[in-house]
Amino acid sequence: MTRSETLFNRARQIIPGGVNSPVRAFKSVGGIPPFIASAQGACLTDVDGRTYIDYVGSWGPMIVGHAHPAVVAAIQAATARGTSFGAPTEAEVQLAEAIIDCMPAIEMVRLVNSGTEATMSALRLARAVTGRELIVKFTGCYHGHSDSLLVEAGSGAATFGVPSSPGVPRATAHSTLTLPYNDLPALQALLAQRGQEIAALIVEPVAGNMGCVLPLPGYLQGLRTACDQHGVLLILDEVMTGFRVARGGAQALYGIRPDLTTLGKVIGGGLPVGAYGGSRAIMEQISPAGPVYQAGTLSGNPLATAAGLATLEIISQPGFYETLEARSQRLTEGISWALTAAGIPHLGTRVGSMFGLFFTHRTRVDNFAEAAESDLNCFNRWFHGMLAAGIYLAPSQYETGFLSMAHDDAIIDRTIDAARAVAKGL
Ligand code: KE4
């Protein structure tokens with residue numbers, strides 16, 4: 001029995017599913033998740049001494065690579081000055097300024113501890129400033145686990161949501177309407193009918209939680225226009241895309257100005273940071289400046305802000321995104337060639353250094369229903385074949401892969417070689 005297996009058995013006795021976040025348990029792909037002992041650059045090492053090339057990157061934060069010397073040094077220096085004060089610090093001001101410098105739509109920002117807190121707070125704020133109660137989300141998009149967002153489509157599109165988890169009150173789910181992603185007419189019809197009741201719509205500008213699904217041309221601009229026509233706030237959930245697909249996030253890449261933006265992952269550099277921001281007029285409604293309450297013991301934590309600031313400094317260096325783009329393109333093209341050579345039907349998707357792979361005959365996947373047509377058995381064989389070859393991919397068809405600046409040409413070549421060998425056996 002491997003040490004990971006021993007630890008997993010021990011963990012399952014005292015932690016639900018043996019993990020502190022469900023996707024880590026490998027339930028959809030099967031098998032025992034490697035317990036990680038350490039990470040460096042592009043690689044993870046598990047407790048049995050096995051090393052993997054990592055394309056999960058802690059689900060997005062590790063864009064500069066694991067244990068980057070500058071990030072480690074910043075955290076170590078902050079630690080020596082004390083780990084938490086529960087009082088304002090200069091680093092929080094600096095991180096807020098760094099975020100605002102990259103995203104002009106954000107004039108004011110509040111730091112929290114996770115993406116879930118960011119989206120939950122942004123929705124409360126949107127309801128408060130509009131005086132409306134309904135929200136709209138899109139099937140297949142994930143925005144964290146607050147009650148309003150653990151909702152799936154009801155009987156038909158645009159009907160009231162139903163809880164996607166036990167414990168979510170029906171009344172809460174009833175306040176969330178769900179629509180298919182990339183379907184502008186469906187949104188326009190809903191807003192024409194109920195726009196005056198809707199506070200906000202929240203959307204992943206590039207969907208990363210149904211696999212990697214891109215917005216259709218004009219879709220995001222269409223959301224913006226539809227929201228403007230009905231006084232609905234547009235919340236871009238950039239927890240995953242923020243500072244990932246571009247330094248200014250998807251809103252810069254696609255030229256969309258949201259009313260509110262939610263952030264996480266990269267801005268914490270691997271430590272717990274989330275954030276939400278928008279215009280001064282909206283954000284000044286947040287306590288203590290305004291009446292909308294939101295708080296957090298460890299919000300703006302000195303270690304987390306140090307890690308975030310060090311990370312944002314690295315990604316702001318000239319050529320960072322251009323290099324990441326070139327490497328990401330070479331990786332995903334190499335994998336696709338390997339699968340094509342082996343005669344495996346697939347569709348690769350990518351925006352910047354976030355990428356997906358569907359085992360499907362489809363030439364496009366525009367929404368969750370189409371993503372769900374993929375061959376999950378083939379995905380699982382692919383996942384385990386690559387894991388055995390030392391390549392650590394996201395353990396679910398409905399997740400997204402991430403590159404870091406530490407994924408150099410040698411790492412990418414090794415990955416493509418592994419893909420060639422695994423593809424032949426699919
Ligand atoms: P957290 O609460 O996990 O920090 O962020 C929630 C969240 C919000 N918005 C988007 C677009 C997200 O992708 C996430 C979280 N992403 C998942 C990965 N698909 C985190 C991994 C996990 O749940 O363990």
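Trainee: Which residue forms a salt bridge with Arg 330?

Mentor: A salt bridge is a side-chain nitrogen of Lys or Arg within 4 Å of a carboxyl oxygen of Asp or Glu. Here Arg 330 pairs with Asp 413, and their closest N and O atoms are 2.9 Å apart. Arg 330 sits in helix α11 (residues 320-341) and Asp 413 in helix α14 (residues 409-424), so the pair ties together parts that are 83 residues apart in sequence. Helices are DSSP runs of H or I with at least four residues, numbered from the N terminus. This is a predicted model: local features need pLDDT of at least 70, side-chain atom pairs count only at pLDDT 80 or more, and totals for chains, interfaces and linings use all residues. Residues are numbered from 1 along each chain as its sequence is written, and side-chain values use heavy atoms, leaving out hydrogens and water.

Trainee: How many salt bridges are found in the whole structure?

Mentor: The search finds 11. One of them joins Arg 224 and Asp 228, at 2.8 Å from N to O. Both residues lie in helix α7, 4 residues apart, about one turn of the helix. Arg 224 is buried because its relative accessible area is 9%.

Trainee: Which residues form a salt bridge with a closest N to O distance of 2.7 Å?

Mentor: Those are Glu 197 and Arg 194. Glu 197 is partly exposed, with a relative accessible area of 36%. Arg 194 counts as buried at 18%.

Trainee: What does His 230 touch?

Mentor: Contact means heavy atoms within 4.5 Å. Not counting residues up to four places away in sequence, His 230 touches Arg 132, Leu 191, Ala 192, Gly 195 and Gln 196. His 230 belongs to helix α7 (residues 219-230). At 18% relative accessible area, His 230 is buried.

Trainee: Which residues are closest to the ligand?

Mentor: A residue is near a molecule if one of its heavy atoms lies within 4 Å of it. Here 16 residues surround the ligand, and the closest are Ser 21, Thr 116, Asn 209, Asp 237 and Glu 399. A polar side-chain atom of Ser 21 lies 2.6 Å from a ligand oxygen atom. For Thr 116, a polar side-chain atom lies 2.7 Å from an oxygen atom of the ligand.

Conventions:
Helices (H or I, at least four residues) and strands (E, at least two) are DSSP runs, numbered from the N terminus. Buried means under 20% relative accessible area, exposed over 50%, partly exposed in between (1.4 Å probe, protein chains only). A polar contact is a pair of N or O atoms within 3.5 Å; within protein, one must be able to donate a hydrogen and the other to accept it, and residues adjacent in sequence count only if both atoms are side-chain atoms.
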